Amino acid sequence: MPRTPIAKLSFAKIYPLLVGKAERRGRTREEVDLIITWLTGYDRAGIERQIERGVDYETLFAEAPRMNPDRFLITGKVCGVDVAALTDPVERDARYLDKLIDELARGRAMERILRSGQGA
């Protein structure tokens, strides 16, 4: 069975997986939403609208009110992939989101996850 490109993955299907990963480790949906807001600029209602519309990752990021310029401070690997080495912007932003949720699930403090005080 051929793999679906990350850009075409349904955000409505991925979102509950992100929340589930966080909740299994004692974190909350609100924290997941805070991360998505930090990364994309969507507010809670905007996130919900994109879920209801069934948008894919490509659309989610293309329609984002404001992609956070500090997202480039995110480093490391997700599923063995170095996020900084990715050249496709949609795949890179999707992996950034995965990386931030992984950090949340591992118990990292929200200030560190959101790269507060780093960068410009």
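This is a predicted model: local features need pLDDT of at least 70, side-chain atom pairs count only at pLDDT 80 or more; totals for chains, interfaces and linings use all residues.
Residues are numbered from 1 along each chain as its sequence is written, and side-chain values rest on heavy atoms, with hydrogens and water left out.

Helix α3 spans residues 44-53; helices (H or I, at least four residues) are DSSP runs, numbered from the N terminus. Within α3, Gly46, Ile47, Gln50 and Ile51 are buried, a class defined by under 20% relative accessible area, with exposed meaning over 50% and partly exposed in between (1.4 Å probe, protein chains only). These four residues lie on the same side of α3, because they cover an arc of only 140 degrees around the axis, the arc being that of the directions from the helix axis to the C-beta atoms. Glu52 and Arg53, on the other side of α3, are exposed. The cover over the buried residues of α3 includes α1 (11-24), α2 (29-40) and α4 (57-62). Just after α3, glycine 54 adopts a positive phi of about 70 degrees.

A pair of aromatic rings is described by the distance of the centres and the angle of the planes. Rings of Phe, Tyr and Trp (its six-membered ring) were paired if their centres lie within 6.5 Å, with planes under 30 degrees apart counted as stacked, over 60 as edge-to-face and the rest as tilted. Four aromatic pairs were found in the whole structure. In one of them, the ring centres of phenylalanine 11 and tyrosine 15 are 5.8 Å apart and the planes stand at 55 degrees, so the pair is tilted. Phenylalanine 11 and tyrosine 15 are four residues apart in helix α1, a separation of about one helical turn, and both are buried. Phenylalanine 11 also pairs with tyrosine 57; the centres are 6.3 Å apart and the planes at 50 degrees, so this pair is tilted. Phenylalanine 11 lies in α1 and tyrosine 57 in α4, so the pair ties together parts that are 46 residues apart in sequence. The relative accessible area is 0% for phenylalanine 11 and 2% for tyrosine 57, which is buried. Phe11, Tyr15, Tyr57 and Phe61 form one aromatic cluster.

The largest pocket holds about 330 Å³ of space. A pocket is an open set of points on a 1 Å grid over the protein atoms alone, with protein on both sides within 12 Å along at least five of seven lines, and lining residues have an atom within 4 Å of a point. The volume is the space filled by probe spheres set on the points, which are joined across faces, edges and corners. Of the 16 lining residues, Leu9, Ile14, Cys79, Arg95 and Asp98 lie nearest the centre of the largest pocket. Helices α1 and α5 (89-105) each supply at least two residues of this lining, and the largest share, five residues, comes from α1.

Arginine 95 is located in helix α5 and counts as buried at 11% relative accessibility. Apart from neighbours within four places in sequence, arginine 95 is in contact (heavy atoms within 4.5 Å) with Ile6, Val78, Cys79, Val81, Val83 and Leu86.

Glycine 41 lies in the loop between α2 and α3 and is partly exposed, with a relative accessible area of 35%.

Notes
On a 1 Å grid over the protein atoms alone, a cavity is a set of points where a 1.4 Å probe fits but cannot get out, and a pocket is an open set with protein on both sides within 12 Å along at least five of seven lines; lining residues have an atom within 4 Å of a point.
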